[in-house]
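Subject: Handover of a structure, with notes

Dear colleague,

Please find the structure below, handed over for your use. My notes on it come directly after.

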Amino acid sequence: MQSEKHITPPRWADRFLAFYCREEFLEEIAGDTHELFEVRLEHSGRRIASLLFIWDVFRFFRWSNLKSTDRSNINQLIMVKNNFKIATRSLIKHKFYTGINLLGISLGIACFILTYLYVQHELSYDEFHTKKDRLYRVWVHEFDEGDEYFEGVVPMVLIDHMENDFPEIDHAAQMNAVLGRYKTPDGTQLTTMIDMVGVDFLQMFDFPLIAGSLEGVLDSPEDIVLTESEAIRRLGTTDVIGKTIQYELRGKNTEFVVSGLVNDVPDNSSLEFVALISDTNKKKLVHEQSLTSWFNFSTELYVLLNEENNVPALEEKFTGMVKTGMGEDYEEGTFIVYLQPLTDMYFNKQIAGDTPTGDINTVRILGLVGFVILLLAGINFVNLSVGQSMSRAKEVGVRKVMGAFKRQLTYQFLTESVLLTLVAAVLGLVISYLLLPTFNDFSGKSLELTFDVPLIQALVFSVLFTGVLSGLYPAFVLSSFNPSKVLKGAFTGRKGKNGLAYSLIVVQYVAAIFFVSTAVIMKNQMQYISKLDMGFNKEAKVHFTLPAAKSETNRMGARMEANEQQAKVFLSELQQLTSIEKMTASNNYFGDRGWVRLGYEDRQEKEHFFHYNHVDENFLDVFDIEVIQGQGFKEATPHLRETGLVVNEAFIKEHGIENPIGHKLDGEKFPDHQIIGVVKDFNFASLREEITPLILSMNAEMVFKGIYSIEVNQALKSTVLAKVDLNSIDKLKEEIGAIWEERFAEPFELGFLDAKIERLYEQEKRNDAMVSLIALLAVIIASLGLLGLVALTVQNKFKEIGIRKVLGASAFSIIKMLNKTFLGPIAIALLLSLPLTWFAMQSWLDNFAYHININPVHFLVAGAVIFITTLVVASYQSVRAAVTNPVDTLRYE
Amino acid sequence: MKGTQLGEFEELVLLTVGALYDEAYGVAVMDEIKNETKRSVNISAIHSALRRLEEKGFVKSRMGGATNERGGRRKRYFVLTSYGKKALDDAQSLRMKLYNRIPNMSFGN
């Protein structure tokens, strides 16, 4: 063993101490720490003593113990201090311009922070999984009858193959959602989605267990893993391991034992769950047919590849798997299995799965907009600095004569702009904090302003960007003034017409006009949509959906009929209510998630698709839908009610039917039926889409017998739609509620049809609101810039105005002269932004099948808005200048 | 009088310097405080306190002779000045004055 004397504290720590510590204290500090080290060495051993020594050395790292910096540094420090002082003084002296700059830049920064947070959040989807590079979603490219499908939801049969056939796949997990019902202690029934996964799931993804052990956590059918918030909601505590919890799954009350607890799934995760149960339950919860069929697309499937991570090679092997798996059903090239990177899922709208998707274009546009607004704010600063250069020129001259180098002056001006931006950043932070709730409303996100990496990135970037960029011009141009000229007085102002300032103003106004006219066009379109005659009357309608009725068979037609019967009974009880004028019940209604879409094959084996709604005899009447040929159901004989179809104009047009009444569909399997009436086209979906062929019937079974493809967007339930007297709506609500409670256990919810239809355009409304806000910001910033510029122009022309007035100019002509200087740039900006807006808005409007045409009026309105704000802003200054007594301005000559 | 107030920790250090009389240097003061108050203090805190006290004139210091045990480095010894003694006296008497005004009655339960 070594003798104690040779054991010394860590050398680097000792050196660090010597490096930073003042000479005069070094000896005592080093002495004391070494002494302590020796004592501790005896008591607690080398490791502890060394650690404590390092700790002590760091604790001694305080201001009072630090070596003072050397001389040249001190000089620099003094200059920085001086620059800082001059900057503060100059900013305070020009309160007006400082205020304008501050307001503009802080608005710009606030806007940038918000958009940055949004963009960052969208781009961070699924990035938190440590194995994200090797995680893939399995999807199927399916070809069928000339149509191709991108299926993000795949057959459940695939997982066994994935797990067993391929050594390249480390783990595979499918995620099947099952609806779980439960009762709260006060008796209300609630539902939650419960996901069925294998234990692999928790090994693949980063949803770490915070209680319970990974070993066997989802092995038995009783096991359940809860998220924290679900644990608190259901069991009131997070200490839940081993506790039992009940859910009603597929109509059966099932008891689970909590075996694990995970943190809540982060906002930016495509995979969402609140409770996980073991996939050993699948035999119980999933139809046998779903488990074995290759054509039942019902589960999300994810795989983790091994380190080689060779996707193309693996995808090639899948062909063999499909071939042997399907056997004789296999058809070359119709069913191709691919892998999609997990991180690609969020922005990929082509492959349809159950996970949320985002819009990369929105992200790009918003990011760009945030940047543009920041740029606009920066432009203000440059413009005002240029404008102020007159008064600053003398300062620069004097400084140069006194021996200042150009570099020092550059630093001085940069200090000024960075200082201003720093203050603006604080203000911008406050503004963005205030705007955040509104912004969240618009964007549909729940972003928070927390001091984490993204926010700090946004702040640092915006401060550096605006601070340096906007400081560059004044810093380099002002500092290069020739002192002899400036001081002689030859430098009387800017030469020419101020090209830079005005071109920058044009840039600002291009942006401002672009945003304003975009907002005008969007508003116009939304108005157009809400006022458009949809072909049915939505006024004074209420809707409420009845629970699904019990049906003897699981066939859709039968289920619709059962719902219909139940609705009929309910409607007859509502007859007594006098404030209901007329009512109907149907399977789909306006503003719901989409009407049933069916397909049949004609005798030439050609496929035809149509939308379908199962209605009662009053449907057409309640919505004032016009029958243009034949008859509606109301007037029809009982036999025709049973066998009749009512179609829309689009249907006749698509099929080229000349005499529709009595016409039969060309499908073999349809039982006795005929078209009894044709209605005028009405919009049963959103106005984004054209009106498509539609069939209405009172007999669902008849239609379903003849079709072979079904697309359903929501649970099959009957909805009652009633035209009511809106004056007594509260009383009516209670009355219906009372009747409801006698029959159903579910809560009664009554909605207004027009509000429901409005909700179809929520995303557009949000965009519209967001653009309006951005337009407002852009106009404010541009106006601020103009305000400053006009003020400077007026200031520089003070004498000229005085002389003009003495020579007899009227106040009006002077206002005219001043306003003319900036109306030119605005006109140019208007012209420049026109094609830009036209292009952008045309592609937005193309999203709607029914849209307005872009019209010169839109630009006139936008131009007028800009023009009037500008005039108001500018006139304040020009009027003040025009009414000044020339004596005041000329006195000093 | 700004700068001559005695903080609680400063007073403790000042008292310890007084109590240790001629043996008061950083580590010794720290050990003494640890022993008497059972409170854990970092050596750097002691140094700062001592330096502040010296600036205020409550203690003065001198460097001792070379030693063997700490790599030959000298120790800085602190002694109480009369001004420091007076500051302690003042603090003490203020405390006693207030203490004596506590009425003599039974407390608590």
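Predicted model: local features only at pLDDT ≥ 70, side-chain atom pairs only at ≥ 80, totals over all residues.

Residues are numbered from 1 along each chain as its sequence is written, while chains are lettered from A and ligands numbered from 1 in the order in which they are written.

The model scores ipTM 0.86 and pTM 0.66. Chain B has a mean pLDDT of 84, with 92% of its residues at 70 or more; pLDDT is the predictor's confidence in each residue, from 0 to 100.

Chain A

Chain A holds 28 helices and 23 strands, where helices (H or I, at least four residues) and strands (E, at least two) are DSSP runs, numbered from the N terminus. Of its 893 residues, 38% count as buried. A residue is buried if 20 or more other C-beta atoms lie within 10 Å of its own, exposed if 12 or fewer, and partly exposed in between, with C-beta atoms placed from the backbone. Among the contacts in chain A with a separation of 6 or more, 81% join residues 24 or more positions apart; two residues are in contact if their C-beta atoms, placed from the backbone, lie within 7 Å.

One open sheet of chain A has four strands in the order β14-β22-β13-β23, with antiparallel pairing; two strands pair if DSSP finds at least two bridges between them. Its edge strands, each pairing on one side only, are β14 (580–586) and β23 (751–752) of chain A. Within the sheet, β13 (residues 541–545) and β22 (residues 719–724) of chain A are antiparallel over five bridges, and A:Phe544 has A:Val720 in β22(A) as its bridge partner. Helix α17 (residues 556–574) of chain A lies across β14 and β22 of chain A, at about 170° to β14(A). Axes are lines fitted to C-alpha atoms, for helices over the stretch in contact, and angles run from 0 to 180 degrees between N-to-C directions.

A:Glu605 is in the loop between β15 (596–601) and β16 (607–614) of chain A and is exposed, with 7 other C-beta atoms within 10 Å. A:Asp624 lies in the loop between α18 (619–622) and β17 (627–630) of chain A and is partly exposed, with 13 such atoms within 10 Å.

Chain B

The axes of α1 (residues 8–20) and α2 (residues 26–37) of chain B come within 10 Å and cross at roughly 105°. α1(B) is therefore roughly perpendicular to α2(B) (angles under 35 degrees count as roughly parallel, over 145 as roughly antiparallel, 65 to 115 as roughly perpendicular and the rest as oblique). Residues making this contact include B:Leu12 and B:Val13 of α1(B) and B:Val29 and B:Ile33 of α2(B).

The axes of α1(B) and α3(B) also come within 10 Å, crossing at roughly 85°.

Contact of the chains

Chain B gives 15 residues to the contact and chain A gives 16. On the chain B side, α3(B) gives the most, with five residues.

Yours sincerely
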